[in-house]
Amino acid sequence: MTAVKFCGLRSEADVETAICVGCDVVGLNFVSASPRVIDTVTASKIVGSFGSNMLFTGVFKDQSESEIRRVLNDVALDFLQFSGDESAAFCDSFDMPYLKGLKVSDSFDFEQARDQFPRAFAYLLDSMSDLGGGSGKTFDWKQFPTDADAKVILAGGLTPSNVAMAIQETRPWGVDVASGIENDDHSKNRELMVQFMQGVRNVSA
């Protein structure tokens, strides 16, 4: 089945729901400008409580090495996600599996972008956003590399109502959702989380 990443979760209750509905990866957002930012104390508690049942990735965007290492000292993350203009050397320097967020513009060339990050575990394609994701906006799915020999994750504007169509059109390795499973205050909505997973299963079975 298509892998599913729920991003921007900030409570134990939301992570518990993510586990119950069959989500594969939870993104913890450490970008200070994001409305979904989480502090390391809360993140450490969440990972400590659910790390045996869920994979966690830390989301960063153009942050310093020292800032990222401070988070890693406090939170036992499984993956890193770099959503800014980080270089491959910077991403590789943490010696951890990482997702590289790629911004899809009109001139986007996946193979060219992929060649710049050959050691990335997976590539997350998202619409242009100043916050490194979570904009709630889709990009033209015709730009998605449907035949790529790589783990490519579709992000940007996915919702319970369009995720099945998105998977059918792009055949991604995984999908990522943040705003599409949220209430207006960026808290997660259990029913939307359930519906999103149903949409994935309907087309991935």
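The axes of helix H6 (residues 163-170) and helix H7 come within 8 Å and cross at roughly 35°, where axes are lines fitted to C-alpha atoms, for helices over the stretch in contact, and angles run from 0 to 180 degrees between N-to-C directions. The structure is a predicted model, in which local features need pLDDT of at least 70 and side-chain atom pairs count only at pLDDT 80 or more, whereas totals for chains, interfaces and linings use all residues. Residues are numbered from 1 along each chain as its sequence is written, and side-chain values use heavy atoms, with hydrogens and water left out. Helices (H or I, at least four residues) and strands (E, at least two) are DSSP runs, numbered from the N terminus.

H6 passes H7 in a right-handed crossing, a crossing being right-handed if the near helix is turned clockwise from the far one by less than a right angle, and left-handed if anticlockwise. On the H6 side the contact (heavy atoms within 4.5 Å) is made by Val-163, Ala-164, Ile-167 and Gln-168, and on the H7 side by Phe-196, Gly-199, Val-200, Val-203 and Ser-204. The residues of this contact of H6 with H7 divide into six nonpolar, three polar and no charged; here Ala, Val, Leu, Ile, Met, Phe, Trp, Tyr, Cys and Pro count as nonpolar, Asp, Glu, Lys and Arg as charged, and the others, Gly among them, as polar.

Helix H7 (residues 190-204) also packs with helix H1 (residues 12-21), at an angle of about 25° and with the axes 10 Å apart. H1 and H7 are therefore roughly parallel to each other, a description that applies to angles under 35 degrees, with those over 145 counted as roughly antiparallel, 65 to 115 as roughly perpendicular and the rest as oblique. H1 passes H7 in a right-handed crossing. Asp-14, Thr-17, Ala-18 and Val-21 in H1 meet Arg-190, Met-193, Val-194, Met-197 and Arg-201 in H7, and the residues of this contact of H1 with H7 comprise five nonpolar, one polar and three charged.

Thr-2, in the segment before strand S1 (3-7), counts as buried at 9% relative accessibility, buried meaning under 20% relative accessible area, exposed over 50%, and partly exposed in between (1.4 Å probe, protein chains only).

Most residues other than glycine have a negative phi. Asp-62, in the loop between strand S3 (55-60) and helix H3 (65-74), has a positive phi near 55° and counts as partly exposed at 41% relative accessibility. His-186, in the loop between strand S8 (174-177) and H7, likewise has a positive phi, of about 75°, and counts as partly exposed at 26% relative accessibility.
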